[in-house]
Amino acid sequence: MPEQDALALAKARALQNAILTSSNFSIIATDEAGIIQLFNVGAERMLGYAADEVVDRISPSDMHDPAEVTARAEALTLELGTRIAPGFEALAYKASRNMEDSYELTYICKDGSRFPAVVSITALRDDRDAIIGYLLIGADNSMRKRVESELKQAMAAADHANRAKSDFLSSMSHELRTPLNAILGFAQLLETGAPSPTPTQKRNIEQILKAGWYLLELINEVLDLALIESGRLTLSNEPVSLAEVLNECRAMIEPQARSRGIGMTFPQFEMSSFITADRTRVKQVLINLLFNAIKYNRPRGTVVVDAVAVSSSTIRISVRDTGIGMPPEHIDQLFQPFNRLGKEASAEEGSGIGLVVTKRLVDLMGGSIGVVSTPGQGSIFWVEFKTASAPQFAATPVDAALAPPRRVPDGTPLRTLLYIEDNPANLELVGQLLGRRPDLNMLSAGDGTLGIEYARACLPEVILMDINLPGISGIEAMKILRADAATAHIPIIALSANAVPRDIERALEAGFFNYITKPIKVSEFMDALDVALEHARKTNGTRTHA
């Protein structure tokens, strides 16, 4: 044999010996029946058996947890559609079919101790491609499992702590409202009472009211932040008229601007423009940006609001002020909680939470927010939202003719339906749809509190309820009506853009009669109304005879 070949052979044998004697991996070879033929040093170290205790005696499956081997056999039976027997077949079946395979099972050592292992198994074949045995290479997986377990525990602990914090903030926010309601209420009584307060008393009362309203604003911001961070804030993203929202914001914010001598300019819309957002929360976002533009502006400054399409699918609403502006290092910190960027000692009150809440709300509505600022000249805050088509009914084959008016028998009594919804476009749509029902008269309310009053006063046959309402939510309003003996019998149908199955399930469990998602499918909507009206008829008949 040439010297070069002898050296190569010696090197190959040395490499083979190094592999077989490695203590880092268990290397087990079996015959075609699964009986161990080779058991290396690593396997001896890991499992505690000497090679002569297992060679020609047992199968690798005998050293695994029997329950896990049985479970693997059952899983493979379902996966492959053929019965796999518990035992070595459960370990080797895929490898015997030339399928790559590795598995995680627990090894049981000679002393009874256990450890998780990752095992790769390969079929060994002769020159005629017949299986002559199997090679199993295993590694101790304890460290990775331990790290995974510790990571899960740490994440669970962090999640628990975060939820505990959010629950505490939420609870405290609600608890603070009760005494604050009394403070603000009685202070306003004193301010407007007879005899009128003296000038000194009036100044004192004004200070009480100013501090009280500021504290209420802070409580609301803390509550919003807690709800967002706990994942319990639900939004109803749907088409929202930008012109309507900006007009409502303008009506709310212009008196504050006038009191500070700030001029305001709003865009004029030549045609309808809709964005995808939650109506209540997008108003909250815009009002916060507008209020900040007024609060941190110069005396006799200006605020310019603009809305432009930045692409075929995105609209940007910008709020430009003529304030003192911000340096770049402040912009980087702008959306940090409780960071007022050095304004703590200024005359302007603030919590440092408003912009944090604003950003989180914009993110939840699928939008984006940013700022451009020049020291000494002012700032431009902008938000971008996806454009949307005007609200419309979802077309289905049944609705192809736009659901012509339903005929009702002569003499059918006129029945009342109450729709509680804050979005005028949605009210208009449902109003037009119900105009096809001469047997129905629709009343509407713009928030949950007013809706409850209307329901108690008018006792409608059916109530349609938006879920995300300003003030109390649709779910809270529904529960109040359910708890009132005078209105408990009225079927209440949820009408919302929130189509998440779990949220629908929760709403129905909470007590809604039915749940309809937007955009409305006309036939389904009409069918749901008919079912609710029939339920109301039977319920009212039962109550009448009771």
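A word on the model before we start. It is predicted, so to speak of local features we ask for pLDDT of at least 70, and side-chain atom pairs count only at pLDDT 80 or more, while totals for chains, interfaces and linings use all residues. Residues are numbered from 1 along each chain as its sequence is written, and side-chain values use heavy atoms, with hydrogens and water left out.

Let's begin with the whole chain. There are 16 helices and 17 strands; these are DSSP runs numbered from the N terminus, with helices being H or I of at least four residues and strands E of at least two. Of the 546 residues, 40% count as buried. Buried means under 20% relative accessible area, exposed means over 50%, and partly exposed is in between, with a 1.4 Å probe and protein chains only. The accessible surface comes to about 29,300 Å², and 56% of that belongs to carbon and sulfur atoms; the areas come from the Shrake-Rupley method with a 1.4 Å probe, and for residues only the protein chains shown count as cover. Among contacts with a separation of 6 or more, 64% are between residues 24 or more positions apart, where contact means heavy atoms within 4.5 Å.

Now to the sheets. In general, strands of a sheet pair through backbone hydrogen bonds, either parallel or antiparallel. Here, two strands are called paired if DSSP finds at least two bridges between them.

Please find the antiparallel sheet. It is open and has 5 strands, in the order β2-β1-β5-β4-β3. At its edges are β2 (36–39) and β3 (102–108), each pairing on one side only. Neighbouring strands are turned by 30° against each other on average, direction ignored. For angles in this talk, axes are lines fitted to C-alpha atoms, for helices over the stretch in contact, and values run from 0 to 180 degrees between N-to-C directions. Inside this sheet, β4 (residues 114–125) and β5 (residues 131–140) pair over 9 bridges; one example is T122, whose bridge partner in β5 is L135. Helix α5 (residues 88–96) lies across β1 (26–31), β3, β4 and β5, at about 45° to β4.

Next, the parallel sheet. This one is also an open sheet of 5 strands, ordered β14-β13-β15-β16-β17. Why is one side of β14 and of β17 left without a neighbour in the sheet? Because β14 (440–445) and β17 (514–517) stand at the edges, each with a single partner strand. The twist averages 20° from one strand to the next. Strand β16 (residues 492–496) is joined to β17 by 4 bridges, and S496 stands opposite T517 in β17. Helix α12 (residues 424–434) packs on this sheet, touching β13 (415–420), β14, β15 (462–465) and β16, and its direction makes about 170° with that of β14. Helix α14 (residues 474–483) lies across β15 and β16, at about 155° to β15.

On to the interior. A nonpolar core here is a set of buried Ala, Val, Leu, Ile, Met, Phe, Trp, Tyr and Cys residues joined through side-chain atoms within 4.5 Å. Which residues touch the most other members of the largest nonpolar core? They are L290, V303, I317, V383 and F385, out of 45 residues. Helix α9 (residues 279–295) gives the most to this core, with 8 residues. Apart from it lies another core, of 29 residues, including I28, V54, Y93 and A117.

Let's zoom in on L286, in helix α9. L286 is buried, at 2% relative accessible area. Leaving aside neighbours within four places in sequence, L286 is in contact with V245, L246, C249, I317 and V383. L286 and V383 are 97 residues apart along the chain, yet their C-alpha atoms are separated by 8.7 Å.

Last stop, the loops. R300 is in the loop between α9 and β9 (302–311). R300 has a positive phi of about 60° although it is not a glycine, and at 71% relative accessibility it counts as exposed.
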